[in-house]
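I opened the model to look up a few things, one at a time. My notes follow in the order I took them.

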Amino acid sequence: MGHSAPPTAVGGLATVPLERFLAALPAGTRLVYDAVADGGGPVAVRWVEPSELEDPTPYLLEAEVVMTAGLPFAGDGGEEGAVDRYVRRLVDAGVSALLFGVQPYFDRVPEALVEACRRHRLTLVEVPSAVPFAALGLEFSRLLEAENMQVMRRMAEGNRHLMRAALAARPEADLLKALMLTVPGWALVVGPDRRTRARAVSARSQTGIPGQEVLDEVLDALFAGRGPRVETRQLPQDGAGWIAAHPLRSARDGTLGALLLGAARPLEAGEQSVVGTAVGLLEALLRQRTEGALAPSQLATGLLLRADAETAGRDETAALAAQSAAAPVGAPLRVVQGFPAGDAARTPGTLGIPGSPGHAASGAGAAGRGSRPSARIDAASAVLRWRRIFDTKLVELTDTGFTAVTRLGVERAVVNEVEALGWRLVISDAVPVAELPETHRRLSALRHRAMETGRTLRASGDPVSVPGLLGRQAGELLFSDAFSPLGALEPERAAGLLDVLEAWLSAHGGWDATAKATGLHRNSVRRQVAQVGDLIGRDLDDAQTRAELLIALRYRPSSYLSTAPATSG
C-alpha cells in the first residue's frame, strides 16, 4: 500500500484498522487486491467518503476510504494513463483503500483500475449493486464508536493505575511500572543532573533502552529549551524504535527533570493521553518535593541540623527527613553547604541567591524600606533554585550562603552547574540521619578552609590528605611554581584552561569523561590540555606530574577562578 502510517499519524481519538473494516463488510463484497497481504504495513481508517469527482483529494483527510460507483472512469477517464493518475493521487493523499461499486456505470471493476491499484499498492474492494454506500458508512460508524469506547476504557484504566501508583511508597518507580501497562515500551525518569531516578520496561516492549549517547543527545535538546515541548527521535537503526522526551517543569518554568519514553512505534492517541497524565503526576511529585511552602521547610532544616542526639536519632525524625529529601526511609543523606566565590564569600549576611553572589539581605545594603520586598523575592528564588538542583525540600539560607540536605551523590555535573552560577560547595559523606547534626558541625569547619581556597571541597579523605597536610602557604607556592607561565595569558583564558586541565586530571586522563564534564568536544579537550602542557613545560603523561598538578590546582588564587564554563576555543 502507498502508506502504512500507524493510527497516531492520522490524529483523532481513535481509528479502525482496515482489516477489521473489511472483515465487517456485508456479504457480496469482494476483495480484489489486498495491499497489506502484498507486503504493506498495518493501515488505519479514519472515515469513509463517497465521491464521484475526477480528483477528490482536495476534499479528503488522510486515512480515509474512498467509495466510487465508477463515474471518474467513464469515457476518457477510463484510459489507462488517466486511471493511473487517479490512483496515484489517492495514494499520495494517504487514502487507505478504494471501494468500487458496480452499476450503474460498470458491471465489474475495470482491469486498468485493478492494475493501477496493484502497481501503487492500494487496497481495492468490489461492492455489489445490492449494497448501498450508506450501509458501508453506517457499518464503519459502528466500528469507530466501538473502537472509541475501547480507547476510553484503556485510558480510564491506565489513569486509574497511575493515580494509585502516585500514592505508593515509591511513587516514581511505581508510576513508571503502571505506565508500562499501557505503553508497550520503556520509560526513564531523570533528574536535573540527568541521573536516572527510576526506570521500567514493559513485558511487551520490542525495543531496549538505547545507549547513553543517544539519551544524552535527546536530553541536550530538551534541557536547552524552555516551556512545554516534547523532543522526539526516530532512531535510524532498524528496530531501534522511537523516543519521546517530556520535560518535567516547575511552577516557574524551571526544569525539574524529564520523562523519556521509547517504543517500537509512535504512540496511539489513547496511549498519549495516559502519558500526559503521567507527566502531570510526575511534575506534581517533583514540585511537592522541591517547591511548596518555604518558611516551614527552612525552619525544619535548621532544627534538624542543630538537633540534639536524642531528637536526631528518633525514628520519626529519620522518616520525615527521608520524605523531605525524597529518599527511602533509612537511606543515608549528605549535607551540602554553599558559599559565593571570591570576595563575596567573606561578606556577612550573604543570601544564597544563585547567580548573584554577594547580595546582602541585611545591613546597610538592605536597610532601605524599598529593598525588603526585593530581598524576600530573591530569598524565595534562591530556596527554589537550590531545592531544584539538589532535589530536596531541606534547604535553608544562612549568613554565608545556604545549606541543603540531599540524598544525591552531588556528582560533577551538579558541581559544574553550581560553580557556573558563581558558587562553591563543601560536601559531606552520606551519613545516617542521626549523624546529620554532627556532620553539619564538622562541615562548617571545612567550609572555612574552602572559602580560603575558593574551591569546592568534599569531606571524603579530609583532614588526613596531602592538601590538608601541605597547608595553604606551601600549596600556593606549589601552584605558582607549576603554573606561572599561564600568567602571560588573559585571566579568563588561563582560568578556562585550568578548568579543563583539572577536569581531565580528575577523570584520570579520560577524554570522553572530561568532554562530558566540561561540555566541550573531546577534540577541544585534547587541544586545551596539550596547550597547558606546552605552556608549563611538563610531561602530562607522567603519573607523578599529574598528581602534583592536581594538588597544586587545589590552591588556585581567585584570579584564576572561572565563573563560566570553558569554551571550545
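**Entry 1: Val 48**

I started with Val 48 in this predicted model and asked which residues Val 48 is in contact with, leaving aside its neighbours within four places in sequence. I found Phe 21, Val 65, Met 67, Gly 137 and Phe 140. Val 48 has its place in strand E4. Is Val 48 buried or exposed? I read 5% relative accessibility, so Val 48 counts as buried. I also took the C-alpha to C-alpha distance from Val 48 to Leu 99 and got 9.5 Å. In sequence these two are 51 residues apart.

**Entry 2: the sheet around E4**

Next I traced the sheet. I found an open sheet of five strands, ordered E2-E7-E6-E5-E4. The pairing is mixed. Which are the edge strands? They are E2 (30–33) and E4 (47–50), and each pairs on one side only. From one strand to the next, I get an average twist of 25°.

I then looked at one pair inside the sheet. Strand E5 (residues 64–68) and strand E6 (residues 97–101) are parallel, with four bridges between them. I noted one partner: Thr 68 is bridged to Phe 100 in E6.

What packs on this sheet? I see helix H4 (residues 133–166) there. H4 touches E4, E5, E6 and strand E7 (123–127). The direction of H4 makes about 165° with that of E4.

From Arg 164 to Asp 174 I get 8.8 Å, C-alpha to C-alpha. The two are 10 residues apart in sequence.

I moved on to helix H5 (residues 171–179). How many of its nine residues are buried? I count seven, so H5 is largely enclosed by the rest of the structure. The buried ones are Pro 171, Glu 172, Ala 173, Leu 175, Leu 176, Ala 178 and Leu 179.

**Entry 3: H2 against H3**

I checked how helix H2 (residues 80–92) packs with helix H3 (residues 111–120). The angle is about 40° and the axes are 9 Å apart. H2 and H3 are therefore oblique to each other. The crossing is right-handed.

Which residues meet? From H2 I list Val 83, Asp 84, Val 87, Arg 88 and Val 91. From H3 I list Ala 112, Leu 113, Ala 116, Cys 117, Arg 119 and His 120. Sorted by class, the residues of this contact are seven nonpolar, one polar and three charged.

**Entry 4: strand E13**

I sorted them by direction. Arg 334, Val 336, Gly 338 and Pro 340 point one way. Val 335, Gln 337 and Phe 339 point the other way. In a regular strand, side chains alternate between the two faces of the sheet.

Which strands pair with E13? One is strand E15 (residues 402–406), antiparallel to E13 and joined to it by five bridges. Here Gly 338 stands opposite Phe 402. Another is strand E16 (residues 423–427), also antiparallel, again over five bridges. There Phe 339 stands opposite Arg 424.

**Entry 5: H16 against H19**

The crossing is left-handed. H16 brings Glu 502, Trp 504, Leu 505 and Ser 506 to the contact. H19 brings Arg 546, Leu 549 and Leu 550. By class I log four nonpolar, one polar and two charged residues.

**Entry 6: totals**

Of the 569 residues, 49% are buried. Among contacts with a separation of 6 or more, 68% come from residues 24 or more positions apart.

Terms used
Residues numbered from 1 in each chain as written. Predicted model: local features only at pLDDT ≥ 70, side-chain atom pairs only at ≥ 80, totals over all residues. Heavy atoms only, no water. Axes fitted to C-alpha atoms, helices over the stretch in contact; angles between N-to-C directions. Helix = DSSP H or I, 4+ residues; strand = E, 2+ residues; numbered from the N terminus. Parallel < 35°, antiparallel > 145°, perpendicular 65-115°, else oblique. Left-handed = near helix turned anticlockwise from the far one by under 90°. Contact = heavy atoms within 4.5 Å. Nonpolar A, V, L, I, M, F, W, Y, C, P; charged D, E, K, R; others polar. Pairing = 2+ DSSP bridges. Buried < 20%, exposed > 50% of the residue type's maximum accessible area, 1.4 Å probe, protein only.
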